[in-house]
Amino acid sequence: MDVLINVFVGLHIIGIGALLGGFLTQMKAMGAGTARFTPAMLHGALTMLVTGAVLVGLNQAQDYSLNNTKIGIKLAYLIVILALVYVKRDDERVPKPLFGVVGALTVANIFIAVTWH
């Protein structure tokens with residue numbers, strides 16, 4: 001079961017890499033006011049949602065201790081990210097503050113995952 005958990009952790013990291021990478025590739029465009037949400041950002045966020053849910057289930061099945069507050073906050077951030085990216089995915093330009101919120105929540109999600117034990 002630990003191997004399966006590690007596979008899903010790897011997939012979860014790939015998802016966050018796609019979301020953050022999509023954001024970072026649009027940083028120059030954000031400065032020019034022409035940033036847009038890329039398909040990689042949407043797919044990365046969806047990958048994170050699915051793999052995160054699977055990881056919670058697998059860890060509960062193993063009777064591992066889970067920090068439900070941490071998981072809840074990370075899920076809330078991810079739902080906001082998904083909602084913004086999904087609704088604005090076809091827009092040619094996304095307002096700077098909105099685009100910045102997605103980047104800030106993504107980075108906050110990473111720091112919560114790494115630092116909160």
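1. Basis of the model. The structure is a predicted model, in which local features need pLDDT of at least 70 and side-chain atom pairs count only at pLDDT 80 or more, while totals for chains, interfaces and linings use all residues. Residues are numbered from 1 along each chain as its sequence is written, and side-chain values use heavy atoms, with hydrogens and water left out.

2. Confidence. The pLDDT, which is the predictor's confidence in each residue on a scale from 0 to 100, has a mean of 96 for the protein, and 100% of the residues reach 70 or more. Confidence is lowest in α2, with a mean of 93, and highest in α4, at 98; helices here are DSSP runs (H or I, at least four residues), numbered from the N terminus.

3. The nonpolar core. A nonpolar core is a set of buried Ala, Val, Leu, Ile, Met, Phe, Trp, Tyr and Cys residues joined through side-chain atoms within 4.5 Å, where buried means under 20% relative accessible area, exposed over 50%, and partly exposed in between (1.4 Å probe, protein chains only). The largest such core has 20 residues, of which Phe37, Met41, Ile81, Val85, Phe99 and Val102 touch the most other members. At least two residues of this core come from each of α1 (2–25), α2 (27–32), α3 (39–61), α4 (68–87) and α5 (96–115), and the largest share, five residues, is supplied by α4.

4. Leaving aside residues up to four places away in sequence, Phe99 touches Phe23, Gln26, Met30, Ala35, Arg36, Phe37, Met41 and Val94, where contact means heavy atoms within 4.5 Å.

5. Packing of α4 and α5. The axes of these two helices, which are lines fitted to C-alpha atoms over the stretch in contact, with angles from 0 to 180 degrees between N-to-C directions, come within 10 Å and cross at roughly 155°. That makes α4 roughly antiparallel to α5, because angles over 145 degrees count as roughly antiparallel, under 35 as roughly parallel, 65 to 115 as roughly perpendicular and the rest as oblique. Residues making the contact include Ile81 and Val85 of α4, together with Val102 and Thr106 of α5.

6. Two residues to look at. Thr106 lies in helix α5 and is buried, with a relative accessible area of 1%; not counting residues up to four places away in sequence, Thr106 touches Ile16, Leu19, Leu20 and Ile81. Asn68, found in helix α4, is instead exposed, with a relative accessible area of 55%.
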